[in-house]
Amino acid sequence: SMLKDALDELGRKITRDSRLNLKRVKKGNSSLAKLKYRVNEKSITFTLPEHWEYVDAGVKGVGGSKADGTKWKTKKVTNSKFKYRDKKPPFMAFNGWSIKKGIAPRSKGGQFQSRKSILFAIANSVYHTGIATTDFFTEAVETNITLLAPKIAEQEITDLLENLIIE
């Protein structure tokens with residue numbers, strides 16, 4: 001159907017632009033770039049890794065001072081959807097990322113440390129500095145829905161937004 005073709009084009013463009021946006025913010029190789037979509041009867045289902053929303057919206061860090069007295073530099077977050085309070089991000093969430101980045105835990109003296117201690121340090125840093133807003137997905141959705149509006153009748157857009165599924 002014409003609607004299905006328009007939805008397929010929309011899904012394709014949102015996926016492409018999300019990946020380009022990830023590249024722009026230097027996250028082009030992240031697991032987020034594996035996002036997929038499928039067209040249903042009157043909607044599109046996007047499949048994204050669990051943490052997509054944190055990278056999209058950003059997470060305000062708690063800031064504060066480091067052990068040496070210097071201040072943590074917090075990342076730019078343009079909304080107040082997510083904020084670290086007293087719970088730090090789970091350190092195992094950074095395991096795959098640190099392996100992919102080739103981060104080998106070594107102490108100041110150069111000897112290897114446990115992977116757990118480096119992951120704990122990364123989680124602690126993210127807790128204090130936060131995660132910068134990227135809008136990688138939000139921007140792609142909004143831009144492409146606006147661009148394809150003439151192709152999709154007003155009613156169909158309303159239906160689409162009501163049926164947008166994120167898993």
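Student: How far apart are the end C-alpha atoms of helix α5 (residues 136–148)?
Tutor: Helices (DSSP runs of H or I, at least four residues) and strands (runs of E, at least two) are numbered from the N terminus, and this is a predicted model whose local features need pLDDT of at least 70 and whose side-chain atom pairs count only at pLDDT 80 or more, while totals for chains, interfaces and linings use all residues. Residues are numbered from 1 along each chain as its sequence is written, and side-chain values use heavy atoms, with hydrogens and water left out. At 1.5 Å a residue (times one less than the number of residues), the 13 residues of α5 should span 18 Å, and this agrees with the separation of the end C-alpha atoms, 18 Å.

Student: Within what arc do the buried residues of α5 fall?
Tutor: The buried residues of α5 (under 20% relative accessible area, where exposed is over 50% and partly exposed lies in between, with a 1.4 Å probe on protein chains only) are Phe-136, Phe-137, Ala-140, Val-141, Asn-144, Ile-145 and Leu-148. Seen down the axis, they line one face of the helix, because their directions from the axis to the C-beta atoms fall within an arc of 140°.

Student: Which exposed residues sit on the face of α5 turned away from the buried side?
Tutor: Phe-137 and Ala-140 are among the buried residues of α5. The face turned away from that buried side carries the exposed residues Glu-142 and Thr-146.

Student: How far does helix α1 (residues 2–24) reach from its first C-alpha to its last?
Tutor: Helix α1 has 23 residues, for which 33 Å is expected at 1.5 Å a residue. The reach found in the model is close to that expectation, at 33 Å.

Student: Which residue meets Asp-8 in a salt bridge?
Tutor: A salt bridge needs a side-chain nitrogen of Lys or Arg within 4 Å of a carboxyl oxygen of Asp or Glu. The N to O distance is 3.0 Å, and the partner is Arg-12.

Student: Is Glu-9 buried or exposed?
Tutor: The side chain of Glu-9 meets that of Lys-13 in a salt bridge of 2.8 Å, N to O, and Lys-13 is partly exposed, with a relative accessible area of 26%. At 13% relative accessibility, Glu-9 counts as buried.

Student: How many residues apart are Glu-167 and Arg-38?
Tutor: Glu-167 forms a salt bridge with Arg-38, the closest N and O atoms being 3.8 Å apart. The pair links distant parts of the chain, with Glu-167 in the segment after β5 (165–166) and Arg-38 in strand β1 (residues 36–39), at a separation of 129 residues.
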